[in-house]
Amino acid sequence: MRKTLLAVLLLAAGSVAQGAVQLKDGHPDRYTVVKGDTLWDISGKFLSKPWKWPEIWQVNPQVRNPNLIYPGDVLSLVYVNGQPRIVLNRGASHGTIKLSPQVRSTPIAEAVPTIPLEKINAFLLSNRIVNSEGDFSNAPYMVAGDADRVVSGAGDRAYARGRQLNEEGSYGIFRQGKVYTDPDTKEVLGIDAMDVGSANVVAKEDDIATLNLTRSTQEVRPGDRLFPTEERAITSTFMPSEPKRSIQGTIIDVPRGVTQIGKYDVVTIDKGARDGLEEGNVLAIYKLGETVRDRVSGDLVKIPNERSGLVMIFRTYNRLSYGLVLTASRSLEVQDKVRNP
């Protein structure tokens with residue numbers, strides 16, 4: 001009886017240990033990071049659920065910047081109190097170059113990003129969320145081009161109006177796009193500010209500013225609005241993680257204008273920082289089930305939503321977020337659902 005009870009307890013303890021973090025079948029015991037890796041790729045080599053990475057990451061206090069991973073670093077799978085842990089051995093490719101006899105040192109490799117930044121850097125330069133239509137209507141606006149021209153472009157001189165404009169300031173020029181609303185409550189969640197260009201203020205008299213247009217993606221027109229350049233660089237080294245709160249959201253837009261969503265497409269989600277979303281949070285995407293007619297009973301039947309992919313949040317606003325689709329087992333669309341993975 002005692003042997004049976006002991007066996008049950010050992011089995012239960014083993015189940016708890018395995019249940020905490022599930023290692024991927026065929027996982028390596030050691031992995032050397034190479035250039036081009038992302039943290040998402042690396043975590044997927046060890047874990048069946050890569051967003052569980054923080055649960056197995058073992059910080060080495062003897063390593064400088066222990067949460068950063070560089071090409072050449074060696075990641076080893078060990079067990080601490082029966083639980084799997086990943087430990088870091090800093091590789092020579094990162095290291096430092098000692099500038100003797102000086103104390104200063106220079107890193108010679110860039111830290112591995114969480115997701116492929118080249119997929120979102122261009123997007124971040126040209127997309128922005130504005131909280132309300134009032135923010136748009138109260139922003140400084142374009143008055144005219146040089147010689148009273150209606151349209152202007154990069155390299156042109158133009159004029160804008162607004163007391164908020166600062167001399168020698170840098171501004172993005174935007175045109176009001178889609179107004180995002182909550183599908184259920186109809187609350188305005190934010191407005192897509194469509195990128196038109198960039199400008200520098202070179203002179204100002206009263207509320208009229210003279211601008212040098214430094215960049216344009218389309219014709220700059222009177223009425224386009226100016227907002228200060230958004231000094232908010234993408235954080236490249238956040239960890240994949242689960243949201244701390246329950247999330248039940250919807251994909252409400254694809255800013256790049258495509259209708260079918262796939263891997264590495266950027267999507268807009270109707271949940272943001274106020275709902276508990278943070279950069280690095282991973283959400284499961286559920287393909288919205290169709291409504292079909294039951295040919296036997298004649299009733300309309302809603303097909304269940306089907307789990308079809310994963311999206312990682314990389315930029316949060318108060319009521320909205322941008323995410324990058326990391327996996328997609330089928331074509332996804334606007335109105336598909338997202339929730340905790």
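Reader: Start with β3. Which side chains point to one face and are buried, and which point to the other?
Author: This is a predicted model. In strand β3, residues 83-89, the side chains alternate. Pro 84, Ile 86 and Leu 88 point to one face and are buried.

Reader: How many bridges pair β2 and β3, and in which sense?
Author: Seven bridges, antiparallel. Strand β2 covers residues 74-80. Val 80 of that pairing stands opposite Gln 83 in β3.

Reader: What about the hairpin of β2 and β3? Which residue takes a positive phi?
Author: Asn 81, with phi near 55°. The hairpin has two residues between the strands.

Reader: And the open sheet, what's the strand order?
Author: The order is β1-β2-β3, with antiparallel pairing. The edge strands are β1 (30-32) and β3, and each pairs on one side only. The twist averages 25° from one strand to the next.

Reader: How many bridges join β1 to β2?
Author: Three, and the two strands run antiparallel. Thr 32 stands opposite Val 74 in β2.

Reader: What do strands of a sheet pair through, in general?
Author: Backbone hydrogen bonds, either parallel or antiparallel.

Reader: Switching to the barrel. Which strands does it run through?
Author: It is a closed barrel of six strands, running β13-β14-β19-β18-β15-β20. The pairing is antiparallel. Here the twist averages 45° from one strand to the next.

Reader: How do β13 and β20 pair?
Author: In the antiparallel sense, over three bridges. Strand β13 spans residues 248-253, and β20 spans 337-339. Gly 249 stands opposite Val 338 in β20.

Reader: What sits over the ring of Tyr 286?
Author: The charged end of Arg 339, 3.7 Å from the ring centre.

Reader: Leu 324 next. Which strand is it in, and is it buried or exposed?
Author: Leu 324 lies in strand β19, residues 321-328. It counts as buried because its relative accessibility is 0%, and the buried cut-off is under 20%.

Reader: How far apart are the C-alpha atoms of Leu 324 and Leu 310?
Author: They are separated by 8.6 Å. Along the chain the two residues are 14 apart.

Reader: Now a loop. Where is Ala 273?
Author: In the loop between β14 (266-269) and β15 (282-287). Ala 273 has a relative accessible area of 40%, so it is partly exposed.

Reader: What is Ala 273 in contact with, leaving aside its neighbours within four places in sequence?
Author: Thr 316, Tyr 317 and Asn 318. Ala 273 and Asn 318 are 45 residues apart in sequence. In space they are 4.8 Å apart, C-alpha to C-alpha.

Reader: On to helices. How many residues of α2 are buried?
Author: Six of its eight, so the helix, residues 39-46, is mostly covered. The buried ones are Leu 39, Trp 40, Ile 42, Ser 43, Gly 44 and Phe 46.

Reader: How many aromatic pairs does the structure hold?
Author: Six. Phe 46 and Trp 53 form a tilted pair, 6.4 Å centre to centre with 55° between the planes. Phe 46 is buried at 0% relative accessible area. Trp 53 is buried too, also at 0%.

Reader: Why is the pair of Phe 314 and Tyr 322 stacked?
Author: The planes are at 25°, and under 30 degrees counts as stacked. The ring centres are 6.4 Å apart. Phe 314 is buried, with a relative accessible area of 0%. Tyr 322 is buried, with a relative accessible area of 0%.

Reader: Which residues form one aromatic cluster with Trp 57?
Author: Phe 46 and Trp 53.

Reader: Last, the whole chain. How many helices and strands?
Author: Five helices and 20 strands. Of the 341 residues, 42% count as buried.

Reader: What share of the contacts with a separation of 6 or more comes from residues 24 or more positions apart?
Author: They account for 66%.

Conventions:
Residues are numbered from 1 along each chain as its sequence is written. This is a predicted model: local features need pLDDT of at least 70, side-chain atom pairs count only at pLDDT 80 or more; totals for chains, interfaces and linings use all residues. Side-chain values use heavy atoms; hydrogens and water are left out. Two strands pair if DSSP finds at least two bridges between them. Helices (H or I, at least four residues) and strands (E, at least two) are DSSP runs, numbered from the N terminus. Axes are lines fitted to C-alpha atoms, for helices over the stretch in contact, and angles run from 0 to 180 degrees between N-to-C directions. Buried means under 20% relative accessible area, exposed over 50%, partly exposed in between (1.4 Å probe, protein chains only). Rings of Phe, Tyr and Trp (its six-membered ring) pair if their centres lie within 6.5 Å; planes under 30 degrees apart count as stacked, over 60 as edge-to-face and the rest as tilted. A charge sits over a ring if NZ of Lys or CZ of Arg is within 6 Å of the ring centre and within 35 degrees of the ring normal. Contact means heavy atoms within 4.5 Å.
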